[in-house]
Amino acid sequence: MYIIAEYLFIENFIINYAILQSTKFITRTKAKKSRIFITATISALYPFVLFFPFLDFLTKFYMKIIISIIIIKLAYNSKSFVLYIKQLSAFYIISFIFAGASLGIYYFNNTHYNILFKHKTVGGFPVKYIIMGIILSGIMIKNILYYYQEKLSQEKELLEVTVYLNNESSSFVALTDTGNSLIEPLSKLPVFVVEYKVIDKLLPQPIRQIFDYKKENDFTAIENAMKELEEEIIIRFIPFKSVGSKHGMLIGFKPDYIKIIENGLEEIHDELLIGIVNDKLSIDNNYRGLLNLSILNRGNLNVNKN
């Protein structure tokens with residue numbers, strides 16, 4: 001029986017990196033790739049403790065738990081205990097899925113003879129099965145997550161949202177809307193539809209005048225406002241079509257970011273556009289914005305709720 005250290009390290013690095021990236025995706029954590037890369041590299045060295053008798057204590061069950069706790073902290077450095085537990089749980093679940101998928105593919109593609117007599121190396125589990133297991137697991141996790149989010153989205157949810165622009169902010173309640181899948185064609189960013197009245201103070205005077213005088217369909221007035229604004233705010237035109245109406249155009253802009261309070265956590269999102277409507281979205285003012293679910297699925301930073 002022989003050992004190839006390079007293969008052992010590479011195999012463990014690939015697995016650890018894939019698990020950490022998948023955990024980041026599922027928990028919607030914003031973490032630098034370099035941080036995950038370094039953590040995966042460090043954790044790939046763990047199997048080598050088997051070759052040093054004085055480090056045998058590190059192979060104990062309780063030490064494996066402690067090491068996994070340290071790995072999650074190194075990879076994401078979460079300040080929220082709730083999020084940390086969420087990340088740790090996802091890490092374990094994904095680890096079991098990856099291991100099961102890789103072993104399943106391996107046993108399906110080999111005879112008992114090959115398994116018992118041909119593969120005799122420690123740490124020599126064929127890399128191709130690891131890669132195939134990661135791909136299969138990724139597809140499974142993505143589809144399961146998508147199905148789960150779709151089921152949840154069938155029940156409309158009200159969330160507290162704060163929009164930030166140029167050191168100003170405005171808070172209001174928004175509705176997660178399965179019917180809002182609006183995407184701006186050029187940037188491919190999802191659009192958060194918001195009532196003008198709740199964000200008017202964030203907008204410069206030329207833009208406010210357009211909505212105050214209901215000139216959002218007057219392209220001459222919009223053009224003059226854009227010339228006056230120069231680079232103070234970048235205006236986007238967002239085409240849309242609502243049920244029972246003709247095609248229309250929303251005036252939009254990119255905020256610095258928005259903050260969403262969900263499940264006791266504050267989630268920061270910056271890859272989106274705000275589409276402004278000069279009308280009420282709810283008759284009883286129960287909500288003032290329609291939140292595109294694609295926004296919730298994008299990368300974000302979770303922090304403690306204040």
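Student: Why is Phe 52 called partly exposed?

Tutor: Phe 52 has a relative accessible area of 40%. Buried means under 20%, exposed means over 50%, and partly exposed is in between, with a 1.4 Å probe and protein chains only. The value for Phe 52 is 40%, so Phe 52 is partly exposed. This is a predicted model, in which local features need pLDDT of at least 70 and side-chain atom pairs count only at pLDDT 80 or more, while totals for chains, interfaces and linings use all residues. Residues are numbered from 1 along each chain as its sequence is written, and side-chain values use heavy atoms, leaving out hydrogens and water.

Student: What makes Phe 54 exposed?

Tutor: Its relative accessible area is 63%, so Phe 54 counts as exposed.

Student: And how do you know whether Phe 13 is buried or exposed?

Tutor: Phe 13 has 17% relative accessibility, so it counts as buried. Phe 37, at 45%, counts as partly exposed.

Student: Why is the pair of Phe 52 and Phe 54 called edge-to-face?

Tutor: Rings of Phe, Tyr and Trp (its six-membered ring) pair if their centres lie within 6.5 Å; planes under 30 degrees apart are stacked, over 60 edge-to-face, and the rest tilted. For Phe 52 and Phe 54 the centres are 6.0 Å apart and the planes stand at 70°, so the pair is edge-to-face.

Student: How many aromatic pairs does the structure hold?

Tutor: There are 9 aromatic pairs. In one of them, the rings of Phe 13 and Phe 37 have centres 5.2 Å apart and planes at 70°, so this pair is edge-to-face. Phe 13 is in helix 1 (residues 5-26) and Phe 37 in helix 2 (residues 33-43), so the pair ties together parts 24 residues apart in sequence. Helices (H or I, at least four residues) and strands (E, at least two) are DSSP runs, numbered from the N terminus. Ring pairs also link Phe 9, Phe 13, Tyr 17 and Phe 37 into a cluster.

Student: Which residues have the most contacts inside the largest nonpolar core?

Tutor: They are Phe 192, Ile 199, Ile 258, Ile 274 and Leu 291, in a core of 31 residues. A nonpolar core is a set of buried Ala, Val, Leu, Ile, Met, Phe, Trp, Tyr and Cys residues joined through side-chain atoms within 4.5 Å. Strand 1 (residues 158-165) gives the most to this core, with 4 residues.

Student: What makes strand 2 and strand 9 a pair?

Tutor: Two strands pair if DSSP finds at least two bridges between them. Strand 2 (residues 168-177) is joined to strand 9 by 4 bridges, and the two run parallel.
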